[in-house]
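Below are some short notes on the ligand site and on one helix pair. Please read them with the model open.

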Amino acid sequence: MGGGLLITGANGMLGSELRSLAAPRREVICTDIAEMDVTDLAAVREVFAANRPSVVVHGGALTDVDGCETDPDRAFRVNALGTRNVALAAAEQGAPVLYVSTDYVFDGRATRPYVEFDPVGPRSVYGASKLAGERFVRELAAGRFWIVRTQWVYGFRGKNFVDTILAAARAGKPLRVVDDQIGCPTWARDLARGVLAIIDQDPGYGTYHCSSRGSCSWFAFAGEILRMAGVAPVSLEPMPSSELDRAAPRPAYSVLRNYMLEQTIGDLMPPWQEALAGYLAAGGDG
Ligand SMILES: NC(=O)c1ccc[n+]([C@@H]2O[C@H](COP(=O)([O-])OP(=O)(O)OC[C@H]3O[C@@H](n4cnc5c(N)ncnc54)[C@H](OP(=O)(O)O)[C@@H]3O)[C@@H](O)[C@H]2O)c1
């Protein structure tokens, strides 16, 4: 095998954690849209041929869920065709691909955590475009792939719920937060650790859920963020998601259970409260 670990979306929340966790141990080839736009197959092939990666983590995506809803062509171009291009180029170089996918592939009508065998049924363009990416990976990655679904990711790069809540509370704004969507907040650093564990310990190719453990509503998450950070808001009240005028529907219930990790290398993901404490201690919103 040739080079090292090639990351797409390396400037994103997950990518930036991955690059710093992986770099001391192995050669890392970082790419984001400026170095390699995944929608351009020729460019993707050129970068892969030049670097000959031994393994690929494909995290590059359009993650603006409402933006995807209003521009489906672009969403599918990046999330579906971009993933096709990465899967094709990886197969041509003989490198396995780890594709990061999402709880939005499910319809959100479950009453217990989703496992990897549950039927999919995305309700948003984002979810459908990521699912199309999963299908391309299954078809084109020459059988050498891991599909890793996660959810409610927050981290140091970009806008995230934790920082938004803390900033609003510190600015003295009254807070109203959705209490009818249930999921599990996942720190990008824990996800990066999970991704590297899957690559290094190879529990077998296939689909894995990898989110923090437990579940909560956004409202409960906000309450815990404020409590842990020791910030008292002017007010914190629950609200129904119907009051938010958003382009894309969100799954009402989309808790993921890391069943396949449990059955193989063990579920290394922490409970969401522990992860949140880690993020705040590491300087989240600091
Ligand atoms: N965030 C979540 O809650 C969540 C939940 C479940 C699954 N995921 C999945 O996890 C992965 C990582 O997400 P994240 O939260 O780290 O997202 P992120 O912070 O938005 O990072 C994604 C990166 O991909 C880049 N990108 C966009 N279009 C690209 C293109 N055409 N070619 C190459 N790179 C491109 C983005 O650049 P720009 O910033 O310039 O667009 C960004 O740097 C994604 O595949 C996402 O679908 C995320």
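Which polar backbone atom is 2.9 Å from an oxygen atom of the ligand, and in which residue?

1. It belongs to Val153. The protein covers 80% of the 890 Å² of accessible area that the ligand has on its own (Shrake-Rupley method, 1.4 Å probe).

2. On the basis of these notes: this is a predicted model, in which local features need pLDDT of at least 70 and side-chain atom pairs count only at pLDDT 80 or more, while totals for chains, interfaces and linings use all residues. Residues are numbered from 1 along each chain as its sequence is written, and side-chain values use heavy atoms, with hydrogens and water left out.

3. Two further backbone atoms, each an N or O, face the ligand: one of Met13 lies 2.9 Å from a ligand oxygen, and one of Val38 lies 3.0 Å from a ligand nitrogen. Polar contacts here are pairs of N or O atoms within 3.5 Å.

4. There are 24 residues around the ligand, and Leu14, Asp32, Thr63, Tyr126 and Lys130 come nearest. A residue counts as near if one of its heavy atoms lies within 4 Å.

5. Helix H1 (13–22), strand S4 (97–102) and helix H5 (125–140) each supply at least two shell residues; S4 gives the most, with 3. Helices (H or I, at least four residues) and strands (E, at least two) are DSSP runs, numbered from the N terminus.

Conventions. A polar contact is a pair of N or O atoms within 3.5 Å; within protein, one must be able to donate a hydrogen and the other to accept it, and residues adjacent in sequence count only if both atoms are side-chain atoms.
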